[in-house]
Amino acid sequence: MTGRTELELADWRRRVAGLYADVRAEADPATAHGLWRAGRDALFREHPQSALPAGSPLRETGLPFWPYDPRFRFEVELAPVPEGTRALELPSGETGSTLLRAVGVVELPDPVGASVTLWWLEQYAGGMFLPLRDGTAGDADPTAGSYGGGRYLLDTAKGADLGAHGSRLVVDLNFLYHPSCRYDDAWLCPLAPPENTVSARVEAGERMA
């Protein structure tokens, strides 16, 4: 990378962090979701580090999402990690790999009715990481499906942070988004592991079309 590219990446992360700060400051979740969608569309349309290829129609139409559904917003306590839960080692390009350590289990009530693992990125400064692969992943109908490798909800090392109320973590699945590799396979993205795979269809957040 050139110095210019690194400055662009730093600016992208700065803007993402600012966008999520606005989300956390908004009291109404549906309004916060609208702010997030508009901000994400602007970044993907205008920023030099957008994962969208030049000329992609999504730069004009915006990214496709399901309508906001309050049934998929939860505030949950972290449950202890089961004994024997594995750590993950994920490839991170030419520089080697990134280690993920399980730090808690998130129990998702109905309509999901499943538990998933919250991970901690074992890298400089660290960060929470919560991916999810649900029943919409890989659906043949792009208007009813999400990326086959899953979506991300939290990636606090990169600014994607919905916050917490006391000891209760905000888990709003309407904010699920596709990793950059959904748009361009030049990006290397860790995918949702088995511990973060659920059978329920989460028709909330970003979809394929």
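Reader: How many cavities of 30 Å³ or more turn up in a search of the whole structure?
Author: Before the count, please note that this is a predicted model, in which local features need pLDDT of at least 70, side-chain atom pairs count only at pLDDT 80 or more, and totals for chains, interfaces and linings use all residues. Residues are numbered from 1 along each chain as its sequence is written, and side-chain values use heavy atoms, with hydrogens and water left out. A cavity here is a set of points, on a 1 Å grid over the protein atoms alone, where a 1.4 Å probe fits but cannot get out. With a cut-off of 30 Å³ or more, the number of cavities found is one.

Reader: Which strand gives the most residues to the lining of the largest cavity?
Author: The largest cavity has a volume of about 50 Å³, the space filled by probe spheres set on grid points joined across faces, edges and corners. Its lining residues (an atom within 4 Å of a point) are Val106, Leu108, Val116, Leu130, Pro131, Leu132, Leu153, Val171, Leu173 and Leu176. With three residues, the top contributor is strand 6.

Reader: Which residues have the most contacts inside the largest nonpolar core?
Author: A nonpolar core is a set of buried Ala, Val, Leu, Ile, Met, Phe, Trp, Tyr and Cys residues joined through side-chain atoms within 4.5 Å, where buried means under 20% relative accessible area, exposed over 50% and partly exposed in between (1.4 Å probe, protein chains only). The largest one here has 51 residues, and helix 1 (residues 3-25) gives the most to it, with five. The residues with the most contacts inside this core are Val112, Leu153 and Leu173.

Reader: What does Val112 touch, beyond residues up to four places away in sequence?
Author: Val112 has a leading place in the list of contacts inside the largest core, together with Leu153 and Leu173. Contact means heavy atoms within 4.5 Å. On that basis Val112 touches Phe72, Phe74, Leu173, Val198, Ala200 and Val202.

Reader: Which residue in strand 9 stands opposite Phe74?
Author: An open sheet of three strands has the order 1-9-8, with antiparallel pairing; two strands pair if DSSP finds at least two bridges between them. Its edge strands are strand 1 (73-76) and strand 8 (164-165), each pairing on one side only. Strand 1 and strand 9 (residues 168-172) pair over four bridges. In strand 9, the residue opposite Phe74 is Val171.

Reader: Which residue of strand 7 is the bridge partner of Phe129?
Author: Strand 6 and strand 7 run antiparallel and are joined by four bridges. Five of the five residues in strand 7 are buried. The partner of Phe129 there is Asp155.

Reader: Is Glu206 buried or exposed?
Author: Glu206 sits in the segment after strand 9. Leaving out residues up to four places away in sequence, its contacts include Arg40, Trp66, Arg151, His178 and Tyr183. Because its relative accessibility is 0%, Glu206 counts as buried.

Reader: And Ala87, buried or exposed?
Author: Ala87 lies in the loop between strand 2 (78-79) and strand 3 (88-91). Apart from neighbours within four places in sequence, Ala87 is in contact with Leu100 and Trp119. Because its relative accessibility is 56%, Ala87 counts as exposed.

Reader: What is the omega of the cis peptide bond that joins Asp110 and Pro111?
Author: Pro111 lies in the loop between strand 4 and strand 5 (114-122). For the cis bond from Asp110 to Pro111, omega is about 15°.

Note on methods
Helix = DSSP H or I, 4+ residues; strand = E, 2+ residues; numbered from the N terminus. 1 Å grid on protein atoms, 1.4 Å probe; cavity = no way out; pocket = protein on both sides within 12 Å on 5 of 7 lines; lining within 4 Å.
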